[in-house]
Amino acid sequence: MKRSVAAPDIGTVAASGVPGFEMTTWYGFAAHGKLSRAIVDYFHGELVKAIDSPGTREKLLNQGAETIANTPAQATAQAARKIANWTNPRAGVRLEPLGPAFEPRPA
């Protein structure tokens, strides 16, 4: 992960000792899987124009958002990664108590 353009002086979580940590907010458009490729390509082209317009880009950057105009295939792959990542966020993570304040209390 890279540093946010909105807060470039703040390091990433990975740089703070949690390698592989990734947390992002993203938005995308979805359509029926049988939608024709021509329509998908048309809407993708129009959305890229809107996202890449200077006014839109500037407004989003002022809010701390970076714009990325992925292709439909890239967006599909990203959605699949996010679903897999958050289906079981504790998978492969070894959790240990931090101290007495975090120990289970007797019933």
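**Notebook: salt bridges, surface and rings**

I began with Asp41, which is partly exposed at a relative accessible area of 38% (buried means under 20%, exposed over 50%, partly exposed in between, with a 1.4 Å probe and protein chains only). I note that this is a predicted model, in which local features need pLDDT of at least 70 and side-chain atom pairs count only at pLDDT 80 or more, while totals for chains, interfaces and linings use all residues. Residues are numbered from 1 along each chain as its sequence is written, and side-chain values use heavy atoms, with hydrogens and water left out.

**Entry 1: salt bridges**

I searched for salt bridges (a side-chain nitrogen of Lys or Arg within 4 Å of a carboxyl oxygen of Asp or Glu) and found 3 in the structure.

The partner of Asp41 is Arg37, with N to O at 3.2 Å. I looked up their places in the chain: both belong to helix α1, residues 37-52, and they stand 4 residues apart, so about one helical turn separates them (helices are DSSP runs of H or I of at least four residues, numbered from the N terminus). Arg37 is exposed, with a relative accessible area of 54%.

I then turned to Glu46, which forms a salt bridge with Lys49; their closest N and O atoms are 3.0 Å apart. This pair also lies in helix α1, with a spacing of 3 residues, about one turn of the helix. I recorded Glu46 as partly exposed at 34% and Lys49 as exposed at 56%.

Which residue does Arg57 pair with in a salt bridge? I found Asp52, the closest N and O atoms lying 2.5 Å apart. Arg57 is partly exposed, with a relative accessible area of 30%, and Asp52 is partly exposed as well, at 38%.

**Entry 2: the segment before α1**

I looked up Thr12 next and placed this residue in the segment before α1. Is Thr12 buried or exposed? Its relative accessible area is 16%, so Thr12 counts as buried. A polar atom of the Thr12 side chain lies 3.0 Å from the backbone nitrogen of Ala15. With residues up to four places away in sequence left out, I listed Met1, Lys2 and Arg3 as touching Thr12 (contact means heavy atoms within 4.5 Å).

Val13 is likewise found in the segment before α1; I noted Val13 as partly exposed, at 36%.

Tyr27 also has its place in the segment before α1 and is exposed, with 76% relative accessibility. I checked Tyr27 against Ile68, 41 residues away along the chain, and the C-alpha atoms are separated by 10.0 Å.

**Entry 3: nonpolar surface**

I found a nonpolar patch on the surface, made of Val13, Val18, Phe21, Met23 and Trp86. Together these residues have about 460 Å² of accessible area (Shrake-Rupley method, 1.4 Å probe, only the protein chains shown counting as cover). Patches take residues with over 30% relative accessible area and no salt bridge, joining like charges within 9 Å and nonpolar side chains (Val, Leu, Ile, Met, Phe, Trp, Tyr) within 5 Å.

**Entry 4: aromatic rings**

How many aromatic pairs does a search of the whole structure find? I recorded 1. The ring centres of Tyr42 and Phe43 are 5.6 Å apart and the planes stand at 70°, so this pair is edge-to-face (rings of Phe, Tyr and Trp, the last by its six-membered ring, pair if their centres lie within 6.5 Å; planes under 30 degrees apart count as stacked, over 60 as edge-to-face and the rest as tilted).

Technical notes
Helices (H or I, at least four residues) and strands (E, at least two) are DSSP runs, numbered from the N terminus. A polar contact is a pair of N or O atoms within 3.5 Å; within protein, one must be able to donate a hydrogen and the other to accept it, and residues adjacent in sequence count only if both atoms are side-chain atoms.
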